[in-house]
Structures are given as structure tokens and as C-alpha cells.
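Open the model in your viewer and keep the sequence panel beside it. This tour tells you what to select at each stop.

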Amino acid sequence: ATGAVLLFNTLFIAFRPWPWILVALASLVVFPDLASIQAQFPDVEKVANDLAYPAMLTFLPAGLLGVVVTSLAAAYMSTMSSQGNWGASVLVNDGVLRFVDAEASDRRQVWLGRMFTVVLMALACVLALALESALQGFNLLLQIGAGTGLLLLLRWYWWRVNAAAEITGMVASFAIASLLFLNDGFGLPGWQQFLLIVAVTTTAWVLVMLLTTPTAAGVLRSFYAKVRPIGPGWQAVRRRADADGVALPPPPKSDASAALACFLASVIGVYTLLFATGFYLYGDIGKGAVCAGLAVASWAVVARLWGRLALG
């Protein structure tokens, strides 16, 4: 599974974007400004940069255009259906069943799921009408997730991160990102908005974590027995379990320093492979060779340290 994740991220990041990027670069030549896109779509009232891709599709022959449109429709429907089902599942299982009606019948759960799906789709339509471009939606998603990045990593390595802290982080990040979105970022550049979201969200969840009761010992021990997280962040849980006479699985044999080195090497390997692909496509063989060499060296580090990871 770990190898599959590594392979997926390599293909997803290093190779998948380039067909889109090449089309985008070609569109800069064919449609150098918004006026040229407007000429291609004279009946469209509002023309923006994200219409360049549809404009490029007009050069495809009818049969190939049909295949591309079908693929776009399939990608759209698969994403929307997965998000709708996922959101409805979370609301039913983690919301209704946990806090409202733990004894809800299967029939009621199905109907609740259908109702939540409709509500989520309606909210998505309202948000889509409020967005001015695809880039704006992408930035909004990045901002919502920016504040919770550190939290979602630390919860695996530090026993003290509890549910209250996670909920606070998610709510705070969403609230601040929405506030910035509704007020045009208060005039702040994008990078300052990200820093603001991360700073406020991190402060909020850390304070809540320190002021609330830690997760119950039984839950922590059950989690540790299943996950066996590495690093010193769970030593307190192991010590308390030993003091109470509760047997926990031995610490994983994985070397934390090797795991961190593999993580960094994998990141370098993936992104240098991304740049190497681009340089080769641009005809810059020298820079492409340098990046490819760095990618090979990074993968060699991962292969060398792989045996020191506890993957089972």
C-alpha cells in the first residue's frame, strides 16, 4: 500500500499535469488575449482566462471532440458523485448516528443520505454562482485546507491532539477562508491570506487542545494498538499503559529518521521528475538531465532506506 501511494503520487504529480500545461501553453499562442477568446465565443457575455481550454477544444475534429467532451463529463460526474456520497455519508454516520439518533434504521439512513445529497448539491450550486473563475474556487479550497495541514499531520505523531482540537481547526480554517472570500481578502495578497489562516487556525486549535480534556486512555490505547505510530509523541501513552499493567504492542521497528529521510527524498524525487519532464518537453536537455539525475538520486535514497521502514 505504501508503494502504491508513492507510485500514485509520482504519476499524479510528475506526469499527469503536462498534457494540460502543454494545451495551456499552446493557448497562449493561439489566443494571446481575452479579445481573441471573445472572438472565438461571440455569444458569451463574460469571458475569462479559464475559457482558453474550451477555446482550444474548438480545433478538434468532431469525433475526437466527442471523446474529449465525454471524458470531461465522466470526470465531472465521478468527482461530483464521490463528493456527494462522501459528504452525505459523513453527515449520516458521523453526525446523525453519533449525536442525534444512534438507533436509526437502515431505511431512515438511506433517506437521510438522499436528503443530504440534495442539500449538498444545492449548496454547491450556490457556491458555483458566487465564484468568478475556476482559479478562485481552487484558491478557496487551498485556503480552507491550509490551516489544518499541521493539525492533520501532528494527530498521527502526538497523542495530545484530541477531537475538540480537530473540530476547532476545521471550523476555524473554514470560517476564516470564507470571511476572506466574501471580503475579497481584505485587500491582502494571496500569500498573506494563507499565512493569516494558518496562524489564526493553529492558535485556535492549540488553545482548545490545551484547555480541553485529553482523549480517554482506552481510546488512545486502542488507536495505538491499531496504528502503532512512530516517534516520541506516543511514549506517554505507552508508559501509562505499562504503569496500569495494560499490554500494548511493542513500538514499531521503523526508524523515524529513515522515515523522515524517505519522505523528503520522495518529495524531491517527485518534483524533480516533474521539472525534468517539463524541461525535456521544452527542449532544454541540460536542465532536464540535471533534474532527472536528482530524481534518480532521490529514488536511490528511498530504495536504500526502504528496509528500515515498518510497513507491516
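Helices here are DSSP runs of H or I with at least four residues, strands are runs of E with at least two, and both are numbered from the N terminus. This is a predicted model, in which local features need pLDDT of at least 70, side-chain atom pairs count only at pLDDT 80 or more, and totals for chains, interfaces and linings use all residues. Residues are numbered from 1 along each chain as its sequence is written, and side-chain values use heavy atoms, with hydrogens and water left out.

**Stop 1: two loops.** Select Arg228. Arg228 sits in the loop between α11 (217-227) and α12 (235-243). Its phi is positive, about 50 degrees, although Arg228 is not a glycine. Now select Phe186, in the loop between α9 (163-182) and α10 (190-211). Phe186 is not a glycine either, and its phi is positive, near 55 degrees.

**Stop 2: the whole chain.** Zoom out. How many helices and strands does the chain have? There are 14 helices and zero strands. The C-alpha atoms fill a box of roughly 75 × 55 × 45 Å along the principal axes.

**Stop 3: α13 and α14.** Select residues 256-282 for α13 and 285-305 for α14. Their axes come within 7 Å and cross at roughly 155 degrees. Axes are lines fitted to C-alpha atoms, for helices over the stretch in contact, and angles run from 0 to 180 degrees between N-to-C directions. The angle makes α13 roughly antiparallel to α14. Angles over 145 degrees count as roughly antiparallel, under 35 as roughly parallel, 65 to 115 as roughly perpendicular and the rest as oblique. The crossing is left-handed (the near helix is turned anticlockwise from the far one by less than a right angle; clockwise would be right-handed). Residues of this contact divide into 21 nonpolar, five polar and one charged. Ala, Val, Leu, Ile, Met, Phe, Trp, Tyr, Cys and Pro count as nonpolar, Asp, Glu, Lys and Arg as charged, and the others, Gly among them, as polar.

**Stop 4: α5 and α6.** Select 62-100 for α5 and 106-130 for α6. These axes come within 8 Å and cross at roughly 125 degrees. That makes α5 oblique to α6. The crossing is right-handed.

**Stop 5: back to α13.** Finish at Leu281, which is found in helix α13.
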